[in-house]
Amino acid sequence: MNRFARLATRLLATPRALVWVAAEGSAVIESWPADSVDAEASALCRRVVELGGPLALTGGADGQLAFAGVPPVGPAGELLGVLAATDTGPRAWSEEDLRDLGDLGAACSAQMRLRLRSDEVQRAGEAAGEAASLAEAEADRMETLLSRA
């Protein structure tokens, strides 16, 4: 996911970007540059999740981050995370900036859905392997019982 963060920094000419991925009971954050996430950016990502839609803040002269974030969504419209770009000073996000971030967020959403589907397929394969092992053990047990009879 940090590739999307890197692309966001280049596309929007910002010093930092991040992908905040909703996980069970927590969040996984990938950023560009790596390990450059601060508490303020993470809190703003949670705000995007609460809103369920895009958020753009111009930041302030008092050191408040300029922030633009969009929520990648799943196939049923569920929120999968947040793709966000940040700047250290005041910044007016243009309509083009927000449109570009939205387009990149849509691509990020597709990648997240693929990753989720891949995880589901892997879990299903593991479950099928376990079921096959159990069936084989049961077949061996039945064969033993039948040979005794």
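The dialogue below goes through a predicted model and the criteria behind its labels.

Tutor: Because this is a predicted model, local features need pLDDT of at least 70 and side-chain atom pairs count only at pLDDT 80 or more, while totals for chains, interfaces and linings use all residues. Residues are numbered from 1 along each chain as its sequence is written, and side-chain values use heavy atoms, with hydrogens and water left out.

Student: What makes up the chain, in helices and strands?

Tutor: The chain has 3 helices and 5 strands. Helices (H or I, at least four residues) and strands (E, at least two) are DSSP runs, numbered from the N terminus. Along the sequence the pattern is α-β-β-α-β-β-β-α.

Student: How do you know how the chain compares with a compact globule?

Tutor: The radius of gyration is taken over C-alpha atoms, and the globule rule is 2.2 Å times the number of residues to the power 0.38. For 149 residues a compact globule would be near 15 Å, but the chain has 22 Å. The C-alpha trace spans about 85 × 25 × 25 Å along its principal axes. Among contacts (heavy atoms within 4.5 Å) with a separation of 6 or more, 52% are between residues 24 or more positions apart.

Student: Why are Cys-45 and Cys-108 called buried?

Tutor: Buried means under 20% relative accessible area, exposed over 50%, and partly exposed in between (1.4 Å probe, protein chains only). Cys-45 has a relative accessible area of 0%, so Cys-45 is buried. Cys-108 also has 0%, and is therefore buried. Of the 149 residues of the chain, 35% count as buried.

Student: What makes a set of residues a nonpolar core, and which members touch the most others?

Tutor: A nonpolar core is a set of buried Ala, Val, Leu, Ile, Met, Phe, Trp, Tyr and Cys residues joined through side-chain atoms within 4.5 Å. The largest one here has 18 residues, of which Phe-4, Val-19, Leu-83 and Leu-101 touch the most other members. At least two residues each come from helix H1 (2-12), strand E1 (16-23), strand E4 (66-70), strand E5 (81-87) and helix H3 (95-148). A second, separate core of 12 residues includes Leu-44, Leu-55, Phe-67 and Val-82.

Student: What does Leu-83 contact?

Tutor: Neighbours within four places in sequence aside, the contacts of Leu-83 include Phe-4, Val-19, Val-70, Leu-101 and Leu-104.

Student: Why is Val-70 called buried, and where is it?

Tutor: Val-70 has a relative accessible area of 11%, so Val-70 is buried. Its place is in strand E4. Not counting residues up to four places away in sequence, Val-70 touches Val-48, Pro-54 and Leu-101, among others.

Student: Why is Ser-31 called buried, and what polar atom lies 3.0 Å from its side chain?

Tutor: At 6% relative accessible area Ser-31 is buried, because buried means under 20%. Ser-31 is found in strand E2 (residues 26-32). A polar atom of its side chain lies 3.0 Å from the backbone oxygen of Pro-33. A polar contact is a pair of N or O atoms within 3.5 Å; within protein, one must be able to donate a hydrogen and the other to accept it, and residues adjacent in sequence count only if both atoms are side-chain atoms.

Student: What joins Trp-32 and Pro-33?

Tutor: Trp-32 and Pro-33 are joined by a cis peptide bond, with omega about -5°. Pro-33 lies in the loop between E2 and helix H2 (39-51).

Student: Why is the phi of Ala-13 worth a remark?

Tutor: Most residues other than glycine have a negative phi, and most peptide bonds are trans. Phi of Ala-13 is near 55°, a positive value in a residue other than glycine. Ala-13 is in the loop between H1 and E1. Its relative accessibility is 59%, so Ala-13 counts as exposed.

Student: Is Gly-53 buried or exposed?

Tutor: Gly-53 has 12% relative accessibility and therefore counts as buried. Gly-53 is in the loop between H2 and strand E3 (55-57). Not counting residues up to four places away in sequence, Gly-53 touches Val-48 and Pro-71.
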